[in-house]
Amino acid sequence: MARHLKPLVQRWSSRVFSVELDGAPVYFGIREKLRGATVLPAVFSRLQKEDRCYSLLVCNWDRIRGDRFHWELRDKLLKDLPPGSDVATMSSFLPDEKGSLVKGYFFKSRAENSPLIEGILSDLEHTDPVLVCSYSQSEDGQQWTQSLWSHAEKKQMKFYVVPSEAPEHHPSALNMINSDVFYSLDEACDVLKKCGDIIPETQSVLRMLPSRVDARRKPDFPVIVIEGLDATGKTTLTESLRDTLGATLLRSPPQCLSTWRARFDREPPIIRRAFYAVGNYITAEQICQESAKSPVIVDRFWHSTAAYAIATAVTGPVSNLPHDGSEVYCWPSDLLQPSLVVLLTLDPEERTRRLRNRGLMKTDEEQELDHNKLFRDRVEEAYRRIIGPLCITVDASPSADLVLQQVLLLIRAKCHL
Ligand SMILES: Nc1ncnc2c1ncn2[C@@H]1O[C@H](COP(=O)(O)OP(=O)(O)O)[C@@H](O)[C@H]1O
Ligand SMILES: Nc1ccn([C@H]2C[C@H](O)[C@@H](COP(=O)(O)OP(=O)(O)O)O2)c(=O)n1
């Protein structure tokens, strides 16, 4: 076994394994010995007798390259594995141990495809930072065992799979800080600098970086951020506020990054989120300049960056989010805080109607939105949990003019405009 993979198996039987089934994680553990009868973990109880299962865990020898490799591995598996392999995202972690999360994939195969699978796995194991495990079923079908694939023939290396209690929060919460959400410009820049050789565009992004902005400097005029899911009316409202208040309208990511946004949207979370984080600091510098002259309205800012990142990193219901008050919701200490954040909310039917009227909605996107109800709930809840500037939720379902009037009242009350 490659040297960098060894730490992963040192506390092997203390690890919990998590496989995403139907959009939420299910858990199992491994034990050297079985005491009494145990129920089969949900991942295995739904398998057929002829199925064989495998897991691939990507060892984070370098978190940026590791995440990128993990990201690309999915496409490779979907392309190379036989149809019906049901590739599922998986992870392994030590309960409550920050930074212990290791990402990977779990898939099944039928016995007749074994030669093909063996070829793929041995290529992967030889050239890449992956630890491969295989799972096999006992004769009577009552038990499954997990072995390191390269040791599968050695009896003493087998572990029984057993059910494991769900942790209090989704395992992704263990590795969120400075991987999904960045809490300083330095941390975000560090990631972008390190991927300069794999993504040449990062050089251009880094050139846009502001000189240091004093985050504690109080702007002369109020700075109001408008937040909310897509199609809740941010563009409509921010433009009306600009016209009514004679304000400057800015957005994050800023216009100067628009050429590179699509490029970074194709990257794994660590790189993509670092790009958006840096975008906030560039917008912050523009806010500083403009707020000396007039009120400033901002279309999306740090709430969007953090809430989408947190909501994407975890799966399943809102209860899987890191708990309310967790440090992951804290505002970065070096980022300017707006005077007020207005969060627009809309019931899903009206949002769908607006998306459709805007003419950008395709049929499969509609289905995707329905499918993603849990995701929307997680984003909105993460928005609400963010600790920092004053954030007020506004129901965006009345007419555009009524929403504008309500937000103007709020701004006058809270920002004395
Ligand atoms: N209060 C409102 N009532 C009805 N339709 C609205 C309202 N606000 C915006 N819209 C319409 O809904 C669609 C989405 O609004 P938009 O401002 O583009 O949202 P966002 O910028 O949040 O994606 C647009 O077609 C817009 O004209
Ligand atoms: N300041 C920002 C703005 C957007 N993002 C990310 C969060 C989401 O993944 C997307 C949302 O962007 P989207 O294109 O839907 O935004 P609009 O509502 O169309 O303005 O961008 C961010 O991370 N930080």
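Mentor: The largest cavity has a volume of about 50 Å³, where a cavity is a set of points, on a 1 Å grid over the protein atoms alone, at which a 1.4 Å probe fits but cannot get out, and where the volume is the space filled by probe spheres set on the points, these being joined across faces, edges and corners. This is a predicted model, in which local features need pLDDT of at least 70 and side-chain atom pairs count only at pLDDT 80 or more, while totals for chains, interfaces and linings use all residues. Residues are numbered from 1 along each chain as its sequence is written, chains are lettered from A and ligands numbered from 1 in the order in which they are written, and side-chain values use heavy atoms, with hydrogens and water left out.

The structure holds two cavities of 30 Å³ or more. The lining of the largest one, meaning residues with an atom within 4 Å of a point, consists of Asp-180, Val-181, Phe-182, Arg-273, Ala-277, Trp-302, Thr-305, Ala-306 and Ala-309. Two elements give two or more residues each to this lining, helix 9 (269-290) and helix 10 (302-313), helices being DSSP runs of H or I of at least four residues and strands runs of E of at least two, numbered from the N terminus. Helix 10 gives the most, with four residues. By class the lining has six nonpolar, one polar and two charged residues, with Ala, Val, Leu, Ile, Met, Phe, Trp, Tyr, Cys and Pro counted as nonpolar, Asp, Glu, Lys and Arg as charged, and the others, Gly among them, as polar.

Helix 9 itself is largely enclosed by the rest of the structure, because 16 of its 22 residues are buried, that is, under 20% relative accessible area, as against over 50% for exposed and partly exposed in between, with a 1.4 Å probe and protein chains only. At 1.5 Å a residue its 22 residues should span 32 Å, and its end C-alpha atoms are 31 Å apart, which agrees; the expected span is 1.5 Å times one less than the number of residues.

Thr-305, one of the lining residues of the largest cavity, is also among the closest of the 14 residues that surround ligand 2, together with Ser-252, Arg-261, Tyr-276 and Arg-300; a residue counts here if one of its heavy atoms lies within 4 Å of the molecule. Among the polar contacts, pairs of N or O atoms within 3.5 Å, a polar side-chain atom of Asp-230 lies 3.2 Å from an oxygen atom of ligand 2, an N or O atom in the side chain of Arg-272 is also 3.2 Å from an oxygen atom of that ligand, and a polar backbone atom of Phe-301 is 3.3 Å from one of its nitrogen atoms. Ser-252 is joined to Pro-253 by a cis peptide bond with omega about 0°, and Pro-253 lies in the loop between strand 10 (248-251) and helix 8.

For ligand 1, which also has 14 residues around it, Ala-231, Lys-234, Thr-235, Thr-236 and Pro-398 come nearest. Oxygen atoms of ligand 1 are placed 2.8 Å from an N or O atom in the side chain of Lys-234 and 3.0 Å from one in the side chain of Arg-358, and a nitrogen atom of the ligand is 2.9 Å from a polar backbone atom of Pro-398. Ala-231, in the loop between strand 9 (223-228) and helix 7, has a positive phi of about 70° although it is not a glycine, and it is buried, with a relative accessible area of 9%.

Of its 29 lining residues, Gly-233, Lys-234, Thr-235, Asp-299 and Arg-358 are the closest to its centre. Helix 7 gives the largest share of that lining, five residues, and the residues of the lining divide into eleven nonpolar, nine polar and nine charged.

Note on methods. On a 1 Å grid over the protein atoms alone, a cavity is a set of points where a 1.4 Å probe fits but cannot get out, and a pocket is an open set with protein on both sides within 12 Å along at least five of seven lines; lining residues have an atom within 4 Å of a point. A polar contact is a pair of N or O atoms within 3.5 Å; within protein, one must be able to donate a hydrogen and the other to accept it, and residues adjacent in sequence count only if both atoms are side-chain atoms.
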